[in-house]
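Welcome! Here is a short tour for anyone meeting this structure for the first time. Take a look at the view below, and then read on.

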Amino acid sequence: METILSLKNLDKKYGAVHAVNNLSFDILKGNVYGILGPNGSGKSTTLGIILNVVNRTSGEFSWFNGKLTTHEALKKVGAIIERPNFYPYMTATQNLALICKIKGISTEKIDEKLTTVNLFERRHSKFSTFSLGMKQRLAIASALLNDPEILILDEPTNGLDPQGIHEIRQIIKTIAANGTTILLASHLLDEVEKVCSHVIVIRKGIKLYSGRVDEMTASNGLLELKVDEKEDELIQLLENHEAIGKITKDHETLIATLKKEISSAEINTYLFNKGFVLSHLVKRKPSLEQQFLDLTNSN
Amino acid sequence: MLRLLTIEFHKLKYNKASKILIIIYFGLLTSIALIAAIKFEFGNFKLHLADAGIFNFPYIWHFNTYIAAILKFFLLLVIVSMMSNEYSYKTLKQNLIDGLSKKEFILSKFYTVIAFAFVSTIFVFLVSLVLGMVYSDYNELAIIFSDLDYLLAFFIKLVGFFSFGLFLGILVKRSAFAVGAMFVWLIIESMFKGYLYWTFNGAENTGEKVDAVMQFLPLESMTNLIKEPFSRLGAVRSAANTMGETFTKSYAVEFTTILIVSFWTFAFIYLSFALLKKRDL
């Protein structure tokens with residue numbers, strides 16, 4: 001598959017702060033990537049470097065296998081960083097026309113893209129009169145103007161109300177469904193879980209994981225159990241079982257992490273034979289949130 | 001180059017404040033012609049400026065470029081704000097992300113500066129030509145088109161001055177502070193001049209020695225490009241002669257001054273680029 005972006009040993013220091021530490025990963029065409037990390041983990045700095053607005057301390061990155069210089073490559077990229085930045089005294093259409101001039105493309109797609117983000121009716125309003133949600137949608141329209149090879153979004157739903165968040169996510173999903181490569185930075189896990197096929201987890205500038213979302217931890221899943229009586233004895237019994245690792249208690253529910261593959265029927269039979277009757281038993285994959293917390297805590 | 005100019009023009013076109021300042025500036029340039037209407041009468045003493053010879057070719061080139069250069073402050077505001085606005089709107093970052101390189105960004109501003117200076121020069125040329133045609137005592141072609149180096153000096157002066165403004169706009173990122181910084185720099189140059197006078201006080205030719213050093217400073221060199229034209233005026237000169245004063249000053253545009261200002265222009269633009277390149281946005 002075609003490599004769109006490749007980072008090699010990227011490093012950025014702000015004085016004593018090591019914002020990005022020896023970061024390497026590749027972005028392949030057609031996938032939807034999420035960069036996950038807590039606030040201040042170096043997500044925006046990484047995006048700033050590849051977008052030519054932050055200077056790297058050391059390391060390399062190349063767009064489209066190094067076939068294009070960074071600023072030429074950026075004409076084929078659509079990107080939104082943090083807050084939407086436009087000229088407040090220009091209307092939506094005028095702002096987009098300026099971006100067309102910078103990217104060296106024709107202005108004919110402006111109306112189409114404004115329609116995609118539901119701003120067509122307001123196209124002649126000045127940017128300064130827009131709400132944050134509208135500004136963010138205009139930013140997405142501007143990023144789509146050149147039908148980009150890759151769309152880079154940094155915290156696209158930050159600061160929006162639930163309605164706005166929903167609208168932006170709908171738009172992102174539509175774009176992803178068209179086969180556009182997306183790189184989405186966020187600290188909102190459900191956002192990444194809903195949209196992304198691949199994920200890169202970073203903390204304090206260090207890469208903890210990169211790969212498919214569903215292979216993030218080598219986990220065999222979890223069991224949720226509930227009994228009405230003899231709970232302590234159940235915990236003891238489970239702890240001695242060869243397939244079960246750690247057991248934690250969440251309110252009334254016991255959560256057992258599996259070391260080995262075991263079906264819920266097997267465990268149910270086993271416990272019933274030992275004299276325990278469960279009132280609740282669920283086997284499931286860990287949520288992205290749990291995987292993320294496991295990763296960031298254990299490293 | 002044309003692409004960069006149209007990008008910058010697009011940004012200016014919709015900005016009301018800039019548009020008004022530009023219109024005022026060119027309006028004032030045209031109104032130089034109004035000087036022709038100035039008439040004083042004190043009893044016997046009559047002064048009609050148009051008749052005093054200020055619109056005679058080739059003196060008019062010197063006089064009008066000097067007067068027109070005073071108006072450059074209106075355009076300075078436009079130029080400083082077109083730079084600092086990019087910081088306050090954070091559109092500089094967006095421009096770079098959209099695929100403008102840092103070099104192109106600086107060049108688009110510099111080309112605009114050149115365009116402004118060029119249009120101003122053409123404007124002054126046309127206004128002076130018309131005024132001269134109407135009021136000048138000499139209308140021979142050879143005289144009309146002599147001393148045109150004042151127009152070149154005017155152009156170089158504006159480009160240098162606006163480049164200084166661009167640099168300060170990038171350096172301090174706020175238009176009001178950038179204009180203030182230019183004022184502070186003017187005070188620093190003046191204080192330095194005072195200090196030089198004080199140092200060379202005992203020596204002969206104090207003034208010459210001070211000028212020999214001062215000519216290398218940016219604002220002083222821009223001032224030197226077009227020297228004040230008033231003492232050159234025939235009427236003033238004859239008045240001075242009767243009082244026993246003689247002027248031996250050279251009013252010509254000097255090549256070294258053009259070199260010095262060109263050097264500063266290059267330095268300001270290059271420093272702007274270096275500053276932008278080094279900064280994280």
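The centres of domain 1 of chain A and domain 2 of chain A, taken over C-alpha atoms, are 40 Å apart. Please keep in mind that this is a predicted model. Domain 1 covers residues 3-215 of chain A, and domain 2 covers residues 222-298.

The two domains do meet: nine residues from domain 1 of chain A and five residues from domain 2 of chain A take part in the contact. Which elements supply at least two residues each to the side of domain 1 of chain A that touches domain 2 of chain A? You can find them in this table.

| Element of chain A | Residues |
|---|---|
| Helix 7 | 189-195 |
| Strand 8 | 198-203 |
| Strand 9 | 206-212 |

Helix 7 of chain A gives the largest share of that side of domain 1, with three residues. By residue type, the side of domain 1 of chain A that touches domain 2 of chain A has seven nonpolar residues, two charged ones and no polar ones.

Now step back to the chain as a whole. Chain A contains ten helices and 13 strands. Its C-alpha atoms fill a box of roughly 75 × 45 × 35 Å, taken along the principal axes. Chain A has 299 residues, and 37% of them count as buried.

How do contacts span the sequence? Taking contacts in chain A between residues at least 6 apart in sequence, 70% join residues at least 24 apart.

Methods: Residues are numbered from 1 along each chain as its sequence is written. Chains are lettered from A and ligands numbered from 1 in the order in which they are written. This is a predicted model: local features need pLDDT of at least 70, side-chain atom pairs count only at pLDDT 80 or more; totals for chains, interfaces and linings use all residues. Domain bounds come from an automatic or database domain assignment. Two residues are in contact if their C-beta atoms, placed from the backbone, lie within 7 Å. Helices (H or I, at least four residues) and strands (E, at least two) are DSSP runs, numbered from the N terminus. Ala, Val, Leu, Ile, Met, Phe, Trp, Tyr, Cys and Pro count as nonpolar, Asp, Glu, Lys and Arg as charged, and the others, Gly among them, as polar. A residue is buried if 20 or more other C-beta atoms lie within 10 Å of its own, exposed if 12 or fewer, and partly exposed in between; C-beta atoms are placed from the backbone.
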